Structure formats: structure tokens, C-alpha cells
Amino acid sequence: MAGGGFVDGQGGARAEYYEYKITWYFIFASIVAALGGSLFGYDLGVSGGVTSMDYFLKEFFHQVYKRKQEHLKETDYCKYDNQLLTLFTSSLYFAALLSTFIASHVTRNKGRKASILCGAISFFSGAILNAFAQNIAMLIIGRCLLGIGIGFSNQAVPLYLSEMAPAKIRGAVNQLFQLTTCLGIFIANFVNNATEKHPKGWRLSLGLATVPATLMFVGGIFLPETPNSLVEQGRLEEGRKVLERVRGTRKVDAEFEDLIEASEAAKAIKHPFRNLLKRKNRPQLVIGALGIPAFQQLTGMNSVLFYAPVIFQSLGFGSGAALWSSTITTGSLVVATLISMAFVDKFGRRAFFLEAGFEMVCCMVAVAVTLALKFGQGVVLSKGIGIFLVVVISLFVLGYGRSWGPLGWLVPSEIFPLETRSAGQSMVVCVNMLFTALIAQCFLVSLCHLKYGIFLVFAGLIVIMSLFIYFLLPETKQVPIEEIHLLWQEHWFWKRYCEPEDQVQQVGRKVEHV
């Protein structure tokens, strides 16, 4: 079967000797760390809603507000085409992109906990600045501080959850990050619905971002560091104690030995980013650092999340109806994440990627065909067509929410070896934020010029990324995180890159000799 490459069900070498119990200590650490996702989620939800609020547009983007009121004079697709308005959204992601490299250094040398705390402080500061913004410059600076916070938290939290979780439930535990992201989006939509009619309601929407940041900081103070990070820092005794406590047993010899071996390999690496480019790390580079984080954004999902209220208003919904419609779609995202959490460790990562990919393609084509036939000349859509679009977009969200949404963070966080894990996760966040920013900056202008064709573009991209998964990603469910490297040695394509380097050099010399 394409994509093959399985070690035995337990994952290889010492995995069969791993023991664990679910402890309250482990549950507390996982929930508190996962709050990092709520920073990302709340911003995703609130920024799209705020940019559709009349009072916000009137104060900072008057041209867009004026054009919105005169929408019958132009094609509805172009109602919100304004680069300064999209810069308000995308500036956060450019800041997150740059900050993740600093976060990598902090995460590797000071620990995952330190990055989580730094992220909370920066996000809190940005939320305060945005809430009291008097001009566009203050808004953009505030957004950049929010971006730095997200860069740190998105770099550290998926690693933290994957390292703390037992192998057999790592998928579900790691997806707590996606669940809190979805809940953040969902809550943000309700906040926007409650504040949109008040002249200063947008300030409250932006300012309430301080709540998840405060919860993450206060809880983060009491977080334990991961055993992997403690061993990597040479704090072996402390690492052993934390491992025993989170596993609920003193029988952790096998897992602790794997951590020590991984740490020794990590210490030999002085330049982890340069090491990512080595031949033996090609699978992780192509799949984890480049492919999956880029494709996650090219599904078109974040465009739907950023601009759901804007899209629905452009489709003829009123302002209030648009916000409620986007609340329905984000509710679908929460449900989908719960489905994925429940079954990802049973059915595996590949199954969710592939079946949801088919569903998402069908939904994008349905939206494109509907808009091509019924929309685009300054008219309001009928109620029936509007309801159909909400249903189809919700089905698309259900597909994304159990596949590319959670798995786009889970799979990269579990496939890097310890010596390049922090650097690899930085690349994941960097590529993810780069494409997030580009999509945010380009989506509305693309919607204006390509019209319904933009949804066909996303459909084509989802076909490509599904083929990428089918042929190149081995199944990682229930494989211990420090033994996933064994999968590449058995994979039909990647095994050629995992041969010992001296063997590769010998083959090269033989070829030259011939």
C-alpha cells in the first residue's frame, strides 16, 4: 500500500516495556498547556468579526465602510478589498513568523514552559494595546505583539503536549491544542455577536483576548517542564521524577533510557537548523517542516475563519446574520475536533487526512458552482441559497476540523527527533504563519478578481495535498515519539534517505568508479 512503512503496533525497540496511568498531574499539565491554542483561536475568531463591524470600519477604515454602504454599485465580491484592512489581520502572522526563531532558542535552552510564559505575556500586552488603540499604527503594533505571543505558544505547546503524552493516546492529547483553538474561535464569535451593536463594542472584543493570556500565564507558572526537555538540559534526576509523576508509575526505565539516548544524540547537534537539511532528516523536512504546515493553510480554511462574517455579508447576509452564520460554522469546528480526538488514535492519521480531503473537495466545488450560477452582480441571495451555503461551508469545516486542522499540528510535532525537534517546530510555525499571512493578505483581493474561481483553486490544492499524504506519510499512531524515526527506514520512498551516511558515500564512490 502506498505510504506503507509500519513498525510493529507498539513502535519498535523498547516501546513494549512502556507503562503509564492517567494521573491528575498529567491532566492538569495537558489542560493548562493546551490553553495556548485559545490565544490563536480567539484571535482567529475575533479579528474576522471585528473587521465586519460598522463602528470599527467607520473609525479606522472609512473608505471600506463607505464602500460597504454603497455595495449595490459594485460587484459584491470586492466589497472588502482593501490591503490596509487585510494588513490588520495578516500583520499578526508576519510577527509570529519572525518570533518563532527566537522561540526555538528559548524552547530548546530554557524549556517548553519558558516559551509558554513568554507567549502569554506578549499576547496580553498586544490585547491591551489593541483595546485602547487610537489609530491604525497602534492597532498594527498591538497585532504584532499578539503575533509574537502566538509565535511562542504555537512553537512550544504542540511539543509540550506530544512529549508529555503516552504514545497510545498522544493523538488525542495533542489535539487538545486544536480543541482550545476551536473553542477560542467559538467564544470569540459569541463575543462579537454581543458587542457588534455598541459603538465601542469592538474594543471589548479585542480586549477580552487578555482572558486566555492571563489563564495561560497563571496556570503556566505551575506547569512542570517536560521530561524530554529536562533530560535535554542535563537535569536527569528531575526529568526522571517528572516522568514517574506524569506516568503514574516508577516503572519508567525503558522510556527514560530512550529519552537519554535521544538527548545524547541531541547534544551532538550544535546547529539544529542546519541539521534539518541533512539527508537523513529529509522526510521530516519535506513532510513536517514544509509540506503539512503549508498545505494546512492552502485548504482555504483559515480564509473561511478570518473572513466568515465578511464572506457571509458579501453573500447578502446582514451584519448580525453574518456573525451568527459564522458562529454556526465554528461550532462545526468544535464538533469535528472532538470526533478527531475520540478516534484518531484508533483509525490513524492517514485515514482522517484522506477521507476528509474528499469531503472538503466536494464542498469547495459545491460552493464554487453555486456562486457561479447565483451570485456576483450586487443582488442579495435568496434565503434557500444562503442556507445551502452555510450548510456546505459547515460540512467543509467538519472535514477540516477532524483532519488538517488538528493533524496539521499533531503530525509535525511527533515526527522530529529530539535533536531537531525545537528547530523543526519553529520551521512548522514559520511556514504555517507565512502561508497564513499570505492567504490573509491575498484572499479578499483574490475573491474580488477570481470570484467563485478561488474556491475551485482551493479544491485543486486539496486534491494535491491528499495525494501528498497518500504517498509520503507513514502511519504514526501509537508509535512512541522517540521511535518514530524507525518508520522512515521501512517506508517505500523515504528509506533511501535513511541509510547510514557512510553507506551512502560508499554507493556514491562506486557509481563514480563505474
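A crossing of two helices is left-handed if the near helix is turned anticlockwise from the far one by less than a right angle, and right-handed if clockwise. With that in hand, welcome to this predicted model, in which local features need pLDDT of at least 70 and side-chain atom pairs count only at pLDDT 80 or more, while totals for chains, interfaces and linings use all residues. Residues are numbered from 1 along each chain as its sequence is written, and side-chain values use heavy atoms, with hydrogens and water left out.

**The chain as a whole**

The protein chain holds 25 helices and zero strands; helices (H or I, at least four residues) and strands (E, at least two) are DSSP runs numbered from the N terminus. Of its 514 residues, 62% are buried, where buried means under 20% relative accessible area, exposed over 50% and partly exposed in between (1.4 Å probe, protein chains only). A contact means heavy atoms within 4.5 Å. Among contacts in the chain with a separation of 6 or more, 82% come from residues 24 or more positions apart.

**Two helix pairs**

Helix α16 (residues 282-298) passes helix α21 in a left-handed crossing. Their axes come within 10 Å and cross at roughly 165°; axes are lines fitted to C-alpha atoms, for helices over the stretch in contact, and angles run from 0 to 180 degrees between N-to-C directions. The two are therefore roughly antiparallel to each other, a label for angles over 145 degrees, with under 35 counting as roughly parallel, 65 to 115 as roughly perpendicular and the rest as oblique. On the α16 side the contact includes Ile287, Gly288 and Phe295, and on the α21 side Trp404, Trp409 and Pro412 are among the partners. The residues of this contact divide into nine nonpolar, five polar and no charged; here Ala, Val, Leu, Ile, Met, Phe, Trp, Tyr, Cys and Pro count as nonpolar, Asp, Glu, Lys and Arg as charged, and the others, Gly among them, as polar.

Helices α6 (residues 112-131) and α11 (residues 210-221) have axes that come within 8 Å and cross at roughly 155°. That makes α6 roughly antiparallel to α11, and this crossing is left-handed. Residues of α6 including Ile116, Phe123 and Phe124 meet α11 residues including Met216 and Phe217. This contact divides into 12 nonpolar, four polar and one charged residue.

**Nonpolar cores**

A nonpolar core is a set of buried Ala, Val, Leu, Ile, Met, Phe, Trp, Tyr and Cys residues joined through side-chain atoms within 4.5 Å. The largest has 117 residues, and Ile116, Ile287 and Trp404 are among those that touch the most other members. Helix α22 (residues 418-450) gives the most to this core, with 10 residues. Leaving aside neighbours within four places in sequence, Ile287 is in contact with residues including Ile292, Ile415, Trp488 and Trp494. A second, separate core of six residues includes Val231, Val252, Phe256 and Ile260.

| Residue | Relative accessible area | Class |
|---|---|---|
| Ala342 | 53% | exposed |
| Ser394 | 9% | buried |
| Gln478 | 26% | partly exposed |

Ala342 sits in helix α18 (residues 319-347). Ser394, in helix α20 (residues 383-401), touches Ile328, Thr329 and Ser332, not counting residues up to four places away in sequence. Gln478 belongs to the loop between α23 (453-472) and α24 (485-490), and its phi is near 60°, a positive value in a residue other than glycine. Most residues other than glycine have a negative phi.
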